[in-house]
Amino acid sequence: MAVPQHKIWERLISPVVSFLIDEEGLERYALSIDWKKQSDRFHRDDVIVPSYYSSYKFRGIEGGYLNPKVVVSYDPIIQYLLAPHENLVRQAVIDAIQVQPRRILDLGCGTGSTTLMLKQAFPQAQVIGLDLSAYMLVMAENKATSAGLDILWRHGNAEKTAFPDASFDLITASLLFREIPIAVSQAILHECFRLLVVGGQVLILDSNQKALRQLEWLKDVFEEPYLRDYATLNLHESMNKAGFSALPDKDVWWMHQVTSGVKPISKVDVTKYKTVKQSVSKSIDSTIDNQDLEDLGSPVFGIKA
C-alpha cells in the first residue's frame, strides 16, 4: 500500500534522520544554554517577526526557528539533507562569486554555515550575518568564535534590513527562498538591489527548481509550506523586476542551484567615473580588467574572468 505523500517525511525519512543524529544529546545541549540571556544580546525590539515565519514548522516542530530545540538540531539534520555533502553544496556559493567584495551580507544566515565560509574565503572583508531568529544567531556566534572568525551577527528581517543604501558589494542567501512566500522573495530582491553598490552581486543558493517541478513528491517530503510556490517561481524574472541583470543558473549536484544577479552600472555611473578620471591621474593595475570602474565605489573592478 502506497504511503500518502504528506506522510513520507513523518513515516519514512524522519525516523531515519532521528536514527542518524543524537537527539538526546542535542536536547541536553539545548537545556544547558540560557537561551533568554544569550539571545538578548542579539534581539532587537524593532524587528517584527512576520506570521509566515512564526508559524513555520521545521520537521513539524511548533515554533520553527523560534524554538531552541529546532535551532540545535538544524545543523545535524541539514548535513544529511544537503546531498552529497553540505560543504560541497555551500561551496557553490563561494565558487559563483564574481566580485572582490569588501562588505558582505548573508541574509537568513541561520546558524552561520555559509557565513563562516564567506569570511574564510574573504578574510579582509567585513561579513555580516542577518537572521530573524536570535536563537540562530547564538549558535552562529558560537561557531564563529570556535573557528576564530570575526563576523557581525545582526537580528533583522531580510525584507527591511535598515542598512543604508549601497552598503554592500555582495549579498548571499542560502536555503532561504524555498521557505518564504513569493511576495516576500520579491521584496527581499528589491531590498538587495537597494543595498548593493553598482556592480554588486546577489547570490541565491537553494533547491533546484527544475528537479522540484519534475519530482512532485519532493515537495511533500520536506513539509515546507512554500516549497510548491518556490518551484514555480521564475527567479530570473524576479531578478529583472528588482532591477538586476540575471546571470545563468548553475546546477549544483542536480538537487540544488545557484541563481545570481548583478546590479547594472548605469550611464550616469560611467559618466561620473570618466569625469573623475579626467581630473585625477591614477595608477591602474593593468593585470585587472577594471572596466574603467574603480572609482565608482564598486567591487566590479575586481571581477573574475
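Modeller: Some terms before we begin. Contact means heavy atoms within 4.5 Å. Axes are lines fitted to C-alpha atoms, for helices over the stretch in contact, with angles from 0 to 180 degrees between N-to-C directions. Helices (H or I, at least four residues) and strands (E, at least two) are DSSP runs, numbered from the N terminus. This is a predicted model: local features need pLDDT of at least 70, side-chain atom pairs count only at pLDDT 80 or more, and totals for chains, interfaces and linings use all residues. Residues are numbered from 1 along each chain as its sequence is written, and side-chain values use heavy atoms, without hydrogens and water.

Colleague: Helix H13 runs at about what angle to E6?

Modeller: H13 spans residues 235-242. It lies across E5, E6 and E7. Its angle to E6 is about 150°.

Colleague: What is the order of the strands in the open sheet?

Modeller: Two strands pair if DSSP finds at least two bridges between them. Seven strands take part, with mixed pairing. E3 (152-155) and E6 (245-252) are the edges, each pairing on one side only. The order is E3-E2-E1-E4-E5-E7-E6.

Colleague: Which strand pairs with E5 in the antiparallel sense?

Modeller: E4 (residues 168-174) pairs with E5 in the parallel sense over six bridges. There, Ile171 stands opposite Val202. The antiparallel partner, over seven bridges, is E7.

Colleague: How many residues of strand E5 are buried?

Modeller: Buried means under 20% relative accessible area, exposed over 50%, partly exposed in between (1.4 Å probe, protein chains only). E5 covers residues 196-207 and is largely enclosed by the rest of the structure, because its buried count is 12 of the 12.
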